[in-house]
Amino acid sequence: MMRPYSLLHLSLTLTLCPYATLGAQVDPAQFEALHYRSVGPTQGGRVTTVTGVSAIPGTFYFGATGGGVWKSEDYGQSWHNISDGFLATGSIGAIAVAPSDPHRLYVGTGSDGLRSNVIVGKGVYRSDDAGSTWRSIGLPRAGQIGAVLVHPTDPDQIYVAAIGQPFGPNSERGVFRSRDGGTTWDRVLFLSDSTGAVDLEFAPDNPQEIYASLWRGERKPWTIISGAHEGGVYRSRDGGSSWTKLGGGLPTGLIGKSDLAVSAAAPNRLYVLIEAASGGGLYRSDDRGETFTLVSTQRGILDRPFYYTNVDATPTNADEVFVEATRFWQSTDGGKTFRRRSTPHGDNHDLWIDPNNPNVWIQSNDGGANVTRDGGETWSSQDNQPTAELYQVAVDDRFPYWLYAGQQDNGTAIAVPSLPPGPGPNGLSSYWHEVGGCETGPAVPKPGDPDIIYANCKGRFSRLNLRTGQEKSYYVGAMNLYGANPRDLPYRFQRVVPIHVSPHDPNTVYHASQYLHRSRDEGVTWEQISPDLTAATPETQVISGAPITRDITGEEYYSTIYSVRESSVEAGVIWVGANDGPISVTRDNGRTWHRVTPPTLPPGGRVQTVEPSPHRAGKAYAAILRNQLDDWQPYLYRTADYGTTWTRLSSPGAGIPADVPVRVVREDPAREGLLYAGTEFGMYVSFDDGAHWQSLQLDLPVTPVTDLALAGQDLVISTMGRGFWILDDVTPLRKAVAATRTLPILLPPSPAIRMRYRSRNGEGAQGEPEFPPPGALIDYLLPKEFSGTLALEIVQDDRVLRRFISDSAPTLKSSGTKRLETTPGHHRIQWDLTLPGAWDSNPRQAYRGGPLVVPGLYQVRLLVDGTVRATQPLRVQLDPRVTADGVTQAHVEEQLRVSLSVVGLLSASRRLLAHAEAAQKELGDAENGRQLSGAIAQLETADQIYPTPMLVDQIGYLSRMINGADQKLGRDAITRFGALQRWYEEVRRAVEAVAGPVPR
């Protein structure tokens, strides 16, 4: 017989498989049951494209900048994602519904707002079933897509406005046409490899007549390029086969971004909102583009053109015009004058007006998408869209831990809990709260005191005290940075400025400009402890925004420090990475510095992450982003000698594709050489210190992973478009071995905390956070050739407390427990830490809702065909918050003892009721049957309005009272239990006198 896998055997097996000896890949079957869960926040992120379905009232779609495509069928009251698992990017530029077939959808990926966190597109997708499924139909190199047009009567004839790659020249730009639903494409309008198309419109009465906006838009890390001498507005009168540039009064010379609007109410009219060095503003043509008149240069309708420049006209009223910019503008006189209208959030991007009901709109902005049914007077909520763009993640050290980050354009930084902290008056979505600073973050809780949060707002350091609600400001240099040429600034602060608390001293805080700053008094005083640690190339120290519109918010300040980390192994070893390439280290707490940039690293990239090893002094990792320089390779490095030498961990063939930039790398503190990498398109893991990588995407949506943290057993991530996610208990990754064993393996469970909270397991209809039920996570691995009956037992003192089986045949004692999976690979079940509850005549209800076990040591046993094959210890611990509240081990032991007595009494009472009812049915109206009626009435509550609860319900009432919390039992509970016992005995004697003993 095969020897069982004991804990010692498994531990030795895993210990003797160091990362250096693992094969190129670990079989993903060893961790395939791991699951990412979304924990919010549920406040929306930036949405750049929206549309509705006039043929199906109440149906709307929006495309987020990193969160994919979402659908509502109830006027925006709830949203659900429809692109996960299909699209290769979460960045959406355009959504179009075929006018002749409301189930035919086209999506162009890659949003058209080219801010610094823009995410590249991956082509065009098509759905023939209203978004249930999608398939790629080409143009994968088109970069950002500004518009998709579908012919009004032919759903297979489509046009795409391709802006192109946002960071460099490429030929897949301009206007593309397909006449076969995307099977083949023709580029029908092209100017150059740096100028693309950003908008398209049909003439409302003639789909052969098409208008197009062409634009040179490009982003560098230090500036925004919007405009060139080529570009402007074009028209085709033969369905896109030939084009003519429109003039007739439109600006000439340097032309920037433009947008178009038409209205079926006046087919000859064309509106053009255009950025230009001379003559920018809103233009109107009433002769189909032959001549134009400048109708408005009102301030505000053309602010930040690279980010906005959006104009729309009402389909039923050509004089009603809307402009989406920082504010939302409405004109009712054909664009001559505008007034501000209110939307739920500023920074507005898109608008769709229902042609069948012009009071129904969907509108989007940096806070999400919102629907109105009364012409903009009232709007649907944006707090039902988990599409937050988060720049980083920090976790605190309380229990349960909270997650912190700056969220793009949503007030202050935010915090969300990993598990429900208590009852929420507005459901599971209501827990998140603001924690200082502003949209860019970071927000870093003070170790040991999570009520103190160090935060940042675009270079402005602050200290928030949640106990007082006050946020103290301690800006290094105390100088307003907006609008300045960076070369003139004494301190250059990027919008996303690092804040790092020393792992050796919670009162030591690091903050960074081009210099590293340190405070030992929470920011009151700062000392500069480094020289300029950036490349500081003069040609990049320029005013941002060229060649037309100046745009200086600090987002493009180059040559700043972007990452700071002090080694947790060796105090005074501090690593620094700059957003223009250099990596530096000090080994003497900042007195001397050494530039240690890997010699094979090309210059200029953003050192997004420097990660000192939690295991060895001198060992560190670096992730460098160069996609803003049009270099899409992954750049990951490791050093073991304080940066003297480096090894590249992302060479071709290592496992991360050549066009997937890496943003962050972290080493697992519990297993040396276990690395996690967050990339532009998802998650990767390495089991051999970066020599080889493999996907850890699992069920995580495709979206940029901006940061990672390890919180105990959990992997915590932030994303640029889908909020925070948690991979609970990564023990299967920490214990992964080079080859799956032939016997079933039971992994050592992490300690389980005895918690009580309401949960919702699975993402709700409105994208609510997912909080799994409390309990112990138990992982087991099965080999490919496995067969037999599987059982898993929870044991204490040789008593089997709970049993989970693979046999599908239901029995009363296994009812309510999970059925074990026997397919090959990794499986995870959760024991809710309860013992069996009371018996019930309904097998589906029997033994549910039992009391919690007490803290202590238990054994988990895995059995195959009745034979124990593996055993692991499981420790159950009391919630530390409960201990702090004065509850002791003795209290919960007494609580369990009484609870089990109540369970026994409830089982006995239910069995007595079933026995009495069966006997009464046999006796009918005989005297003995009538005697039983009185006993049954004592046991069972009458079916009427406001009945008096009888014995069975009274026992259940007591059970709920004593099991609702961890507590010392009140005296009345004990007294009441005695009274219920006596009541039961009286009724039992009456029943058994007529019906005989109750069967067991």
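Visitor: Where is arginine 288 found?

Guide: In this predicted model, arginine 288 sits in the loop between β22 (281–285) and β23 (293–296).

Visitor: Why is arginine 288 called buried?

Guide: Buried means under 20% relative accessible area. Arginine 288 has a relative accessible area of 14%, so arginine 288 falls under that cut-off and counts as buried.

Visitor: And how do you know whether glutamate 522 is buried or exposed?

Guide: The reasoning runs likewise: glutamate 522 has 14% relative accessibility, and the cut-off for buried is under 20%, so glutamate 522 is buried.

Visitor: Why are cysteine 438 and cysteine 457 said to be joined by a disulfide?

Guide: The pair of sulfur atoms must lie within 2.5 Å. Here the S to S distance is 2.1 Å, so cysteine 438 and cysteine 457 meet the rule. By this rule the count comes to one disulfide.

Visitor: What parts does that pair tie together?

Guide: Cysteine 438 lies in the loop between β34 (433–434) and β35 (443–446), while cysteine 457 belongs to strand β36 (residues 449–457), so the link ties together parts that are 19 residues apart in sequence. Cysteine 438 and cysteine 457 are both buried. With 95° about the S-S bond, their link is right-handed.

Visitor: What makes a space here a cavity, and how many are found?

Guide: A 1.4 Å probe fits there but cannot get out. The search of the whole structure finds eight cavities of 30 Å³ or more. The largest has a volume of about 160 Å³, and of its 18 lining residues the closest to the centre are Ser116, Asn117, Tyr562, Arg606 and Arg663. That lining divides into six nonpolar, seven polar and five charged residues.

Visitor: Which residues lie nearest the centre of the second largest cavity?

Guide: Pro221, Tyr558, Asn579, Arg606 and Gln628, out of 16 lining residues. The volume of the second largest cavity is about 120 Å³.

Note on methods:
Residues numbered from 1 in each chain as written. Predicted model: local features only at pLDDT ≥ 70, side-chain atom pairs only at ≥ 80, totals over all residues. Heavy atoms only, no water. 1 Å grid on protein atoms, 1.4 Å probe; cavity = no way out; pocket = protein on both sides within 12 Å on 5 of 7 lines; lining within 4 Å. Points joined across faces, edges and corners; volume = space filled by probe spheres on them. Nonpolar A, V, L, I, M, F, W, Y, C, P; charged D, E, K, R; others polar. Helix = DSSP H or I, 4+ residues; strand = E, 2+ residues; numbered from the N terminus. Buried < 20%, exposed > 50% of the residue type's maximum accessible area, 1.4 Å probe, protein only.
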